[in-house]
Amino acid sequence: MKFDVEKIREDFPILSEKMACGRPLVYFDNAATAQKPRPVIEATAQFYSQDNANIHRGAYELSDRATSMYEKSREDVKNFLHAAAEYEAVFTSGATESLNIVAQCWGADNLKPGDEILLSEMEHHANIVPWQFMAERTGAKIKVAKITPEGELDMDDFRAKLGGRTKIVSIAHASNVLGTINDISSIAAEARRAGALISVDAAQSSPHFLDNLECADIDFLSLSSHKCFGPTGSGALVARKKLLDNMRPWKFGGDMIEDVAWSGTTFRPSPERFEAGTPNISGNVVFSQACAYLSKIDRMAAQEHEDELLEALTEGLLEFDGLKIFGRAKNKVPVVSFAVEGVHYNDISSMLNNYAIAVRAGHHCAEPLMGTLGLMGTCRVSLAFYNTMEEVEYFLRSLRHILSVLR
Ligand code: PLP
């Protein structure tokens with residue numbers, strides 16, 4: 001069945017906004033954050049209008065209701081990811097916090113001098129810096145698997161760097177710069193054979209329906225609700241419960257303790273041990289509404305639609321003289337980074353703004369990858385299923401006009 005993008009767009013009120021230049025918004029910065037559908041917006045208002053109370057500790061109806069909604073959302077998020085019973089979902093503020101929990105809570109007690117952490121050249125800072133910090137503290141070493149000229153993970157280099165000393169492989173499912181989709185099932189199988197754990201940064205894959213945990217034997221999965229059309233400040237770390245229960249917490253305070261005495265404190269099992277203090281209750285409750293919304297979408301049709309947009313965008317960009325696309329992997333999410341000879345990426349993005357087109361320019365929190373590519377930054381177009389072919393064509397026409405002025 002054909003994907004009815006116009007009908008989908010009716011669910012996203014912001015897509016009808018006009019920008020200061022008087023033109024309707026063309027939102028092509030979905031890798032930074034996705035727009036929110038009506039059910040998410042309405043559920044947020046509803047939570048604060050009818051259900052708001054602090055969770056887990058109130059002996060009254062409203063607190064019980066908020067607690068039930070919060071815990072039901074946890075189950076909904078796990079179900080959305082098809083997580084098996086052995087997995088638990090810890091609510092976090094987003095993929096960054098999830099990855100920090102893996103690096104800091106698992107790393108602190110499981111890494112020692114001589115151990116290795118295997119990352120890839122295409123990682124976001126959120127999957128680099130926490131490991132650097134942990135490597136410094138434990139004496140472990142970071143190894144980095146290379147990418148091919150097409151922007152795919154170089155599996156030969158990955159295998160060469162994976163060995164008996166590798167304790168964990170931590171890798172993006174999809175790159176926020178190149179768009180590359182990594183074959184997590186194969187990577188996880190190789191990691192497992194080497195005796196290493198596998199942590200997957202799913203921040204950029206989950207918005208594109210690449211959310212199936214069932215087929216990959218992974219240990220930790222990090223994602224952000226806001227990139228999945230849910231609220232900001234909310235996300236999850238979905239991981240094997242037995243690993244989580246053996247990890248020491250990193251944030252301490254209320255809600256995560258079993259008993260507190262001056263002589264010492266004992267902690268609750270996961271997920272509570274990682275959720276000290278009052279969490280983002282409404283955000284985490286409404287995260288499940290974003291999952292529910294995505295679950296109702298015909299994912300095959302949506303993916304096909306995104307692929308068509310990606311192809312048209314790529315083909316269109318390749319017609320420009322002096323323009324280079326970074327990331328030509330066979331399997332991609334609809335993210336296209338490009339640079340134009342002699343033109344600064346910031347000039348392109350700010351001139352696109354005059355056409356009401358929102359794109360991102362810069363290093364995209366992937367400075368080491370920019371180093372590999374020999375760049376300071378790129379212009380990045382990142383699409384979602386609510387974008388249209390007309391928007392892609394308008395973008396290409398606008399870019400042609402801009403470059404004729406700038407060059
Ligand atoms: N990982 C990747 C691949 C990302 O693209 C991002 C954000 O852009 C993150 C992690 C961090 O996500 P957040 O800022 O939602 O914590």
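Select strands E11, E12, E15 and E14 in this predicted model: in that order they form an open sheet of four strands with antiparallel pairing. At its edges stand E11 (323-326) and E14 (360-362), each of which pairs on one side only. Averaged over this sheet, neighbouring strands are turned by 30 degrees against each other, direction ignored. Within it, show E11 together with E12 (residues 335-340); the two run antiparallel and are joined by four bridges. Here Lys 324 stands opposite Ala 339 in E12.

Next, select the seven strands of another open sheet, whose order is E2-E8-E7-E6-E5-E3-E4 and whose pairing is mixed. The edge positions belong to E2 (87-92) and E4 (141-145); each has a single partner strand, so one side of each lacks a neighbour in the sheet. From one strand to the next, the twist averages 20 degrees. Highlight E7 (residues 220-224) and E8 (residues 235-240), an antiparallel pair with five bridges. Ser 222 has Leu 237, in E8, as its bridge partner.

Helix H3 (residues 61-80) touches E2 and E8, and its direction makes about 120 degrees with that of E2. Helix H4 touches E2, E5 (166-172), E6 (197-201), E7 and E8, and its direction makes about 155 degrees with that of E7.

Keep H4 (residues 95-110) selected and turn to the second largest pocket, where this helix supplies the largest share of the lining, four residues. The pocket has a volume of about 200 Å³. Of its 19 lining residues, Ala 95, Thr 96, His 124, Ala 203 and Lys 227 lie nearest the centre. The lining comprises seven nonpolar, nine polar and three charged residues.

Note on methods. Residues numbered from 1 in each chain as written. Predicted model: local features only at pLDDT ≥ 70, side-chain atom pairs only at ≥ 80, totals over all residues. Heavy atoms only, no water. 1 Å grid on protein atoms, 1.4 Å probe; cavity = no way out; pocket = protein on both sides within 12 Å on 5 of 7 lines; lining within 4 Å. Points joined across faces, edges and corners; volume = space filled by probe spheres on them. Nonpolar A, V, L, I, M, F, W, Y, C, P; charged D, E, K, R; others polar. Pairing = 2+ DSSP bridges. Axes fitted to C-alpha atoms, helices over the stretch in contact; angles between N-to-C directions. Contact = heavy atoms within 4.5 Å.
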